[in-house]
Amino acid sequence: MNKKKVVFSLLMALLAYFLYWPVPIEPQSWVAPQAKGYVGIFAPNTRLASLEEISLKPNNGPEALAINRQGHVYVATHEGWVMRQKTPEDGFENWVQTGGRPLGLAFDPAENLIVADAFLGLLQITPDG
């Protein structure tokens with residue numbers, strides 16, 4: 001019974017300490033500013049809305065894209081093909097089958113196509129295929 005009185009007295013003293021101890025805090029309310037909407041850097045971006053999708057059927061992809069000095073576009077597909085487009089009117093043609101999964105394309109200074117293949121590593125394809 002004596003322990004209960006001691007614990008109760010300590011709790012009451014702690015409560016009194018928290019209730020009557022002066023603190024230098026003066027709370028103030030904060031009013032959030034009104035949202036300006038989608039303006040400035042948050043304005044809607046519609047620059048890509050007029051793009052035209054290019055079909056690579058029957059292949060899927062592209063995984064990567066590269067353009068050589070002559071302006072020919074090369075893309076890598078899921079099926080392992082590197083496809084080539086000489087002019088926009090030509091469309092894409094299957095150019096080289098890597099036998100793997102090409103994931104990255106880049107041209108070296110000699111215009112060889114460097115292919116990063118997931119299964120075969122780095123490949124070099126000469127301009128004549």
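## Chat about a predicted model

Author: Read along the sequence, this protein follows the pattern α-β-β-β-β-β-β-β. Helices (H or I, at least four residues) and strands (E, at least two) are DSSP runs, numbered from the N terminus. The model is predicted: local features need pLDDT of at least 70, side-chain atom pairs count only at pLDDT 80 or more, and totals for chains, interfaces and linings use all residues. Residues are numbered from 1 along each chain as its sequence is written, and side-chain values use heavy atoms, without hydrogens and water.

Reader: What box do the C-alpha atoms fill?

Author: Roughly 95 × 45 × 30 Å, taken along the principal axes. The radius of gyration is 34 Å, while a compact globule of 129 residues would have one near 14 Å. That radius is taken over C-alpha atoms, and the globule rule is 2.2 Å times the number of residues to the power 0.38.

Reader: New topic. Which strands form the open sheet?

Author: β5, β6 and β7, in the order β5-β6-β7, with antiparallel pairing. Two strands pair if DSSP finds at least two bridges between them. The edge strands are β5 (102-107) and β7 (121-125).

Reader: How many bridges join β6 and β7?

Author: Five. In β7, L122 is the bridge partner of A116.

Reader: Which residues are in the largest nonpolar core?

Author: There are 11, including Y74, W95, L113 and I125. A nonpolar core is a set of buried Ala, Val, Leu, Ile, Met, Phe, Trp, Tyr and Cys residues joined through side-chain atoms within 4.5 Å. β1 (64-67), β2 (73-76), β4 (93-97) and β6 each supply at least two of its residues. Another core, of five residues, lies apart from it, with L56 and F92 among them.

Reader: Last one. Is T77 buried or exposed?

Author: Buried, because its relative accessibility is 0%. T77 lies in the loop between β2 and β3 (81-85). Not counting residues up to four places away in sequence, T77 touches L56, N59, N60, E63, M83 and P102. Contact means heavy atoms within 4.5 Å.

Terms used:
Buried means under 20% relative accessible area, exposed over 50%, partly exposed in between (1.4 Å probe, protein chains only).
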